[in-house]
Amino acid sequence: MEETDREAVATAVQRVAGMLQRPDQLDKVEQYRRREARKKASVEARLKAAIQSQLDGVRTGLSQLHNALNDVKDIQRSLIDVNKDWRQSINTIENLKDVKDAVVQHSQLAAAVENLKNIFSVPEIVRETQDLTEQGELLQAHRKLMDLECSRDDLMYEQYRMDSKNTHDMNLIHVYFGDMQKLSEELAKQLWMVVQRSLVTVRRDPTLLVSVVRIIEREEKIDRRMLDRKKQTGFIPPGRPKKWKEKMFNILDRTVTTRIEGTQADTRESDKMWLVRHLEIIRKYVLDDLLVAKNLMVQCFPPQYDIFKKLLSMYHQALSARMQDLASEDLEANEIVSLLTWVLNTYKSTEMMGNSELAPEVDVNSLNPLISQNVVDQLLSKYMSTLTSNIIGWLRKALETDKKDWIKETEPEADQDGYYQTTLAAIVFQMFEQNLQVAAQISEDLKMKVLLLCLQQMNSFLTRYKEEAQLYKEEHLKNRQHPQCYVQYMIAIINNCQTFKESIISLKRKYLKNEMEEGMSSSHANMDVILDTIAKEGCSSLLDEVFMDLEPHLNELMTKKWLTGSNAVDTICVTVEDYFNDFARIKKPYKKKMTVEAHRRVVVEYIKAIMLKRISFKNAEERKEGAERMIKEADQFRFLFKKLAAGSGEDTEGLCDIIVAIAEVIKLTDPSLLYLEVSTLVSKYPDIRDDHISALLTVRGDASRDMKQTIIETLDQGSSQPNPNYVPIFKEITVPTLSVQKLLK
């Protein structure tokens, strides 16, 4: 306390010192005193109130503790009295065992009396119930069955309470009510028949289906009540729980599965389109059934059954199992396509699960795939393998069929523009088109794979086509009279090459994405090369055909007979023009090249005739006559090929100018100018060789050996600047050399 007093004094001194720091504050001392007195009185009042409140609380607490102590003592005394009374009554309770047994027996007898009417009328109720069941009065039949079961269950329960180990009495009750179990089973059969035909029943007699659902609901309530009593007493009647609701859904599930599997009416042996028919029937049945379930069945079932959702799940599972079974069979290529198209596209399309009448209950995006991706990949792999074999077989068969046409005695068909063609290209690309359209129905990826496969097989096919065209030519050369329409069918083969080119471009444009085109460009280029080769060889074989017919007339050129008035060139021109009347059936790209090549070969053969030195002019008169004849014939060739090349834009003048230039050398009358004329010839045609010049001078007939040697040596020393547009022609012409036998002669 003293320490506290000192602290209080020190604090007071400090406060007073803080108030009286200036002299003018001394005038306010009285004011300060009154203020501090008021504060002190306020603090003391609050302190007294707090202390008084604490004292009241302590007083109340002590009073309550005292009362509690008295109550505890009273309870203790009461417990002692109860314990004493209980100990005294033990013997009395044991003496009441007979009373207890009597009470239990009374309870059983009371239950028996209560059910006495039902007990005595069990056979009659059984008959009535059976009649009602047969008549289809299911609700009334079930009501009577419930009464019978209730009587049996109450009796069994009372017997169980009295003596749970007395199986004899239990069996006696069970046997007495034995017919009731058969009634229950018979009624259940009727219910399950209605459930199995629920989709039909709901349209014809929805009341019957509602009755079945009500019966099942009653049984579910009884099951729950019996299970609750079992938890409390351990007793449950025989045959419980029936679980009819669970059985109902199991039967619906089996019915759906049977309905899906039972739609297969045909087999592959009886109908090639069996799978398409089977899948279409499934689609129609499932859609119809789900629409009935949504619009009618949901009205016959309680909302908690969620019947439409459960049926949707059942149909999906049944379809998945069926599709898995179909996928595991040994399907053909077209069957795999039908199955995958149905599974991947049709199932979720507006024709089935995506139907607007099923929305919004059916969300196609939430439906799981009918078959796993692994199974899909296996089917696609099998399809591609089968398709590869089929395409190879189809192409081989198409080529064999086309080859048979080549030996026909009738001309091939012509297209709308009059160009000869066979059906090969149309058949091949129609086959490709069909397979691509089918693949596009399944997926974009499969379409690309099939397109790549078609182009790959096309590449191999064109190689075989080239080989067969070559064999066709070789067989014809063995006997030029057979086949009769060789020229026309060779033209058709050439035209097919152009058709193939156009069809490949069209196919790629239609089915190939731009970003993938670059990856196939090399394959396309390779096919173009093969097709150009086939066409080029075909054109060459046709020209060979022409020149084999021209050979006798070409052999007359630059001979004595020719000089004295042969009509060999006239015949050559007529023959070429006649052939080119047929060649007009060749499509333009190849016709144009063929005309140029024919022109070139005619000129080459003419120059070869000159270089063969069949004639040596004896005098200037013969040289003039021969040269003028050469110029005239060059004009004939020029006119002919200008006519044949009409509209092609080709320059046909230059080749015939070579003949004219050679004629000018032969026509020259002044031998001293021979070197100049020959040098002009060499400058125009720089590929002309020494042996060509020597042969040309030999044909002139007036050049000595020394003159030839001098001209050739002089020309060799000079250099010529060839025209960059000049296409060498003399390099194809060989000059025959004298054999030893001729030299000896």
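**Entry 1: terms and the start of the chain**

I take buried to mean under 20% relative accessible area, exposed to mean over 50%, and partly exposed to be what lies in between. With a relative accessible area of 45%, Glu3 is therefore partly exposed. I keep in mind throughout that this is a predicted model. Looking up the partner of Glu3, I found that its side chain meets that of Arg6 in a salt bridge, at 2.4 Å from N to O. Arg6 counts as partly exposed because its relative accessibility is 49%. Both residues lie in helix α1 (residues 2-19), three residues apart, which is about one turn of the helix.

**Entry 2: other salt bridges**

How many salt bridges does a search of the whole structure find? I noted 33 of them. In helix α23 (residues 588-611), Glu605 and Lys608 are three residues apart and so separated by about one helical turn, and their side chains meet in a salt bridge of 3.8 Å, N to O. Glu605 is partly exposed at 24%, and Lys608 counts as partly exposed at 28%.

I then turned to helix α24 (residues 620-644), where Arg638 and Asp635 are three residues apart and form a salt bridge of 2.6 Å, N to O. Is Arg638 buried or exposed? I recorded Arg638 as buried, since its relative accessible area is 14%, whereas Asp635 is partly exposed at 40%. I also noted that Arg268, Glu332 and Glu335 are linked in a network of salt bridges.

**Entry 3: aromatic rings**

I counted 16 aromatic pairs in the structure. The rings of Phe429 and Phe432 have their centres 5.6 Å apart and their planes at 80°, so I list this pair as edge-to-face. Both residues lie in helix α16 (residues 424-442), three residues apart; Phe429 counts as buried at 9% relative accessibility, and Phe432 is buried at 1%. The rings of Phe461 and Phe500 are also edge-to-face, because their planes stand at 70°, with the centres 6.1 Å apart. This pair links distant parts of the chain, with Phe461 in helix α17 (residues 444-478) and Phe500 in helix α18 (residues 486-511), 39 residues apart. Phe461 and Phe500 are both buried. I found that ring pairs join these four residues into a cluster that also includes Trp406, Tyr465, Tyr472 and Tyr486.

**Entry 4: a charged patch and a helix end**

Which residues form the negative surface patch? I wrote down Asp131, Glu134, Glu185 and Glu186, with α5 (122-135) and α8 (178-196) each supplying at least two residues. Lastly, I looked at helix α27 (residues 690-700), whose buried residues include His692, Ile693 and Arg700, and I saw that α27 is followed by Gly701, whose phi is positive, near 85°.

Technical notes
Residues are numbered from 1 along each chain as its sequence is written. Side-chain values use heavy atoms; hydrogens and water are left out. Patches are made of residues with over 30% relative accessible area and no salt bridge: like charges are joined within 9 Å, nonpolar side chains (Val, Leu, Ile, Met, Phe, Trp, Tyr) within 5 Å. Accessible areas come from the Shrake-Rupley method with a 1.4 Å probe; for residues, only the protein chains shown count as cover. A salt bridge is a side-chain nitrogen of Lys or Arg within 4 Å of a carboxyl oxygen of Asp or Glu. Lys and Arg count as positive and Asp and Glu as negative; His and the chain ends are not counted. The place of a charge is taken as NZ of Lys, CZ of Arg, CG of Asp or CD of Glu. Helices (H or I, at least four residues) and strands (E, at least two) are DSSP runs, numbered from the N terminus. Rings of Phe, Tyr and Trp (its six-membered ring) pair if their centres lie within 6.5 Å; planes under 30 degrees apart count as stacked, over 60 as edge-to-face and the rest as tilted. Buried means under 20% relative accessible area, exposed over 50%, partly exposed in between (1.4 Å probe, protein chains only).
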